[in-house]
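Take a look at the chain below before reading on. The text goes through a sheet, a helix and a core in turn.

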Amino acid sequence: MSLSTSLNTAISSLATTAEQTSVLSRNVARAGDTTASRKSAEVVTIPGYGVRLASVTRVVNTALFNNVLVSTSSAAGQDAIVSSIEKLQQSLSDTELDASPAAMLQKLSDAIQQFSAAPDSLATAQSAVAAARDMARTLNEATTLVQNVRAEADADIAGSVNTLNTLLSRFESVNAEIVKGTRSGADITDYEDQRDQIIMQISEEVGVKTITRSDNSMAIYTDSGVTLFDTTPRTITFQPTGTYVAGTAGNAVYADGVPITGPSATMGISSGRIAGLAKVRDDIAVTYQSQLDEIARGLITAFSESDQSAVPSLADATGLFTWSGSPAVPAGGTIVAGLAGSISINALVDPDQGGDATLLRDGGINGAAYLYNADGAAAFTDRINEQLDKLGGTQAFDATTKLSSSATLLDLASASAGWLSETRTAANEEAEYRYTLLDRSSEALNKVTGINLDEEMTLMLELERTYQASSKLISTINQMLDTLLAAAG
């Protein structure tokens, strides 16, 4: 090997070592950053020249990364569900606070029983009506809360859609830099880290799958196969609903005009925050509202009045409880959407509205034909006991409540509280499981692709030795050339 060739080799080694050290410094600077992957400087040998840096690559593991994406989407969706259910649970189903529909219904039953024991007591009659008023208010407030939870979920969906569109726009910019850098041979590893991080953020909003093409560009699809990005981002649209009442149907989320949530979605998403929020808005909260509505209908039915004429010809009419001012008793076993929000105490019985509480004992709220205590006896209990029997009797309920279609009103209310509690427990357990998978998947990915500071320090020592050896070689060659020049002179 000639001295000039040796000198070229030593100089190229110094330059390459400097480039390797620069890559190593980038790794050290981002040690502990879970979004960073380890970068590696790939060196090649060129005969007659020495060595040079061929490329900078990063450590990747596609399978582990995809596992993290799936776990992220699932955890985000479950988190949205748990958060919403907890709002319902804390305000509606805590029987220990005596504020749930089940607890208030038991209080009403107890008050009616006390009235039956003292039918001549105006105070006891008024206490029973007061318990009924509390019962109606509880159902009204529960309905308001359920619809507020739905409205909040709807607003959060709108926020997620805006976030998703922003992320897809950012993804387009970073993806373009990666494609351009791939064509020119530039170092694109930091851009690839950015792209992975954006995909991770996208997966929080909606479950995704990705495909990397030959030019290093990437396409993104929902977990159901709808395109989110392919060369350009697809537009995600959603029309929020300003106000929710029972029976209001929320709008679907569309990806490039294809519905990905709601009953019309043939390619509906199954994970991500948007999927979780849609499930709360369109399923869980709606089911709970239907249970409240059936409790309200059962109350109206139990306390309704029937025609007491010798030859009854009039239809049953609402008694202690009414709804939306209607005297008609709702049909049995059929949900009336929003009934729990409109149920109220009949003004004719409510002392706070100038009514007479003793009508609860005597009947006649709907006129003389509905009068039970025709003699006006103060000790009359037949009507009170009839209402107690109906309150504790079996009724038919709509099966879409996901509860029994035949039960007593008290059992239905207790089952409703139990259903919400069980739904919350199941959601919490599923969320914990999903977050455990996410933690383990992230840990596994980081072990394979993350930066280990000890390994980087070891490599730094090796580069220092290489640098010293190259410097020594250059110094030696320089001395030999000086000696040759001196001899020639």
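In which sense do strand β8 and β9 pair, and over how many bridges? The model is a predicted one. In it, β8, made of residues 253-255, pairs with β9 in the antiparallel sense, over two bridges. Within this pairing, Y254 stands opposite P259 of β9.

The two strands belong to an open sheet of three strands, with the order β7-β8-β9 and antiparallel pairing. β7 (236-238) and β9 (258-259) are at the edges and have a single partner strand each, so one side of each has no neighbour in the sheet. Helix α4 packs on this sheet, where it touches β7 and β8. The direction of α4 makes about 160° with that of β7.

Helix α4 itself covers residues 122-184, which is 63 residues. From its first C-alpha to its last it reaches 92 Å, close to the 93 Å expected at 1.5 Å a residue. Just after α4 comes G185, which takes a positive phi of about 80°.

In soluble globular proteins, nonpolar side chains tend to be buried together. The largest nonpolar core here has 98 residues. Helix α4 gives the most to this core, with 21 residues. The residues with the most contacts inside the core are L108, L299, F303 and F321.

Key
Residues are numbered from 1 along each chain as its sequence is written. This is a predicted model: local features need pLDDT of at least 70, side-chain atom pairs count only at pLDDT 80 or more; totals for chains, interfaces and linings use all residues. Side-chain values use heavy atoms; hydrogens and water are left out. Helices (H or I, at least four residues) and strands (E, at least two) are DSSP runs, numbered from the N terminus. The expected span of a helix is 1.5 Å times one less than its number of residues. Two strands pair if DSSP finds at least two bridges between them. Contact means heavy atoms within 4.5 Å. Axes are lines fitted to C-alpha atoms, for helices over the stretch in contact, and angles run from 0 to 180 degrees between N-to-C directions. A nonpolar core is a set of buried Ala, Val, Leu, Ile, Met, Phe, Trp, Tyr and Cys residues joined through side-chain atoms within 4.5 Å. Buried means under 20% relative accessible area, exposed over 50%, partly exposed in between (1.4 Å probe, protein chains only).
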